[in-house]
Amino acid sequence: VCLHHSVLDAAGFYVIQAALAKCCQMQSGTIPGLSFTSDLLIGRRRILETTMEGGVSRRLPLGCHHETLRDADFESTKGLISRRLTLASTRIEYLKKACNALVRSHVKDDLLLSTNDVISALLWFSITRARYESQFEGPERRGRPAQSSLILIADIRRTLTPPLPISYIGNGIIQSETSSLIRPVLDSMLNTSSEPHSHFTILTNEGLSTITDLAVKVHIALTNVTNSYVRELIKEKHESGDKGPRLKQGDVTSTSLRRMGIYGLDFGSVLGRVMEFDSPDNRIDGTVCILPARPNFRMISSKMTSWEVRVTLQREVMLPLLHDPLM
């Protein structure tokens with residue numbers, strides 16, 4: 001399936017696939033409860049209503065540097081390769097517990113990192129190492145960036161008040177940005193066992209602290225996507241006169257389809273259930289897509305499905321990432 005992102009997003013894609021699955025199971029007639037046209041109109045009206053409210057404060061949440069990011073270049077695909085990586089659930093869960101323990105010991109706020117926060121931070125950490133480690137060997141050269149940027153894709157259907165209809169198939173996503181210094185990531189050493197036949201990698205205290213700091217930045221960037229913030233963005237867009245999409249590109253751009261129930265769809269007696277899903281899009285450097293969970297992802301940790309991610313990078317960055325002992 002191909003889709004044009006100016007028309008709909010991944011959630012809209014899923015709504016349509018779920019409707020097709022229901023159609024394939026029915027002998028005849030219409031599907032009760034589906035109202036794509038009316039829900040689309042309701043959603044558009046609610047979005048338009050936000051442009052008629054008070055003035056725009058133009059105050060972006062802490063950590064946003066939208067104006068310093070470059071526009072996404074969908075044409076610069078030379079040298080980009082895409083790989084599907086699998087992360088063990090038990091190890092991710094262990095890392096999340098360690099990060100949250102560190103947060104509780106240093107942060108007074110009742111902040112709890114999610115698995116998505118930790119995985120986004122882990123990939124941001126490892127991609128930064130793969131991209132910049134060779135550039136910083138020896139004396140640092142002028143022109144090397146001091147900070148690395150991360151863009152997170154956030155669904156705003158439930159964020160807006162009143163929310164958009166659940167089957168609103170139009171675009172309902174925004175980009176939330178954050179950044180972090182590169183140097184602490186490169187200074188976070190990993191201890192790899194030198195014992196024969198050993199494949200253990202130990203994350204040092206400095207490494208754990210850095211990943212935790214990145215995970216907190218991810219968490220804040222997502223929680224800052226509030227109803228008032230989204231309304232301000234909509235009003236800014238409306239007042240600018242430029243109605244076209246303007247996607248930004250960071251060192252890493254992360255999106256999660258983890259909760260998309262694609263593996264639960266049944267397309268009837270002829271086609272059957274979904275057996276495999278992937279998103280091999282290699283147009284944007286630094287893209288990370290967390291793929292949908294397989295059916296048993298809610299089971300106990302020992303039987304949880306692995307976290308599958310699709311990563312797109314320049315070849316010279318992908319190779320060190322794949323050989324990173326932490327990954």
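## Cysteines

Cysteine 24 is partly exposed, with a relative accessible area of 38%. This is a predicted model, and the cysteine 24 sulfur in it lies 6.9 Å from the closest cysteine sulfur, which belongs to cysteine 23. A disulfide requires the two sulfur atoms to be within 2.5 Å, so that pair is too far for a bond.

If you are looking for a cysteine at the surface, cysteine 2 is exposed, with a relative accessible area of 82%.

Let's turn to the strands.

Strand β2 (residues 80–87) pairs with β10 in the antiparallel sense over 8 bridges. In this pairing, threonine 86 stands opposite glutamate 308 of β10. Strand β9 (residues 287–290) also runs antiparallel to β10, joined to it by 4 bridges. There, threonine 287 stands opposite threonine 312 of β10. As background, side chains in a regular strand alternate between the two faces of the sheet.

## Where two helices cross

Helix α3 (residues 89–106) and helix α4 (residues 115–132) have axes that come within 10 Å and cross at roughly 100 degrees. Because of that angle, α3 is roughly perpendicular to α4.

On the α3 side, the contact is made by Ile92, Glu93, Leu95 and Lys96, while α4 brings Thr115, Val118, Ile119 and Leu122. Sorted by class, the contact of α3 with α4 has 5 nonpolar, 1 polar and 2 charged residues.

Note on methods
Residues are numbered from 1 along each chain as its sequence is written. This is a predicted model: local features need pLDDT of at least 70, side-chain atom pairs count only at pLDDT 80 or more; totals for chains, interfaces and linings use all residues. Side-chain values use heavy atoms; hydrogens and water are left out. Buried means under 20% relative accessible area, exposed over 50%, partly exposed in between (1.4 Å probe, protein chains only). Two strands pair if DSSP finds at least two bridges between them. Axes are lines fitted to C-alpha atoms, for helices over the stretch in contact, and angles run from 0 to 180 degrees between N-to-C directions. Angles under 35 degrees count as roughly parallel, over 145 as roughly antiparallel, 65 to 115 as roughly perpendicular and the rest as oblique. Contact means heavy atoms within 4.5 Å. Ala, Val, Leu, Ile, Met, Phe, Trp, Tyr, Cys and Pro count as nonpolar, Asp, Glu, Lys and Arg as charged, and the others, Gly among them, as polar.
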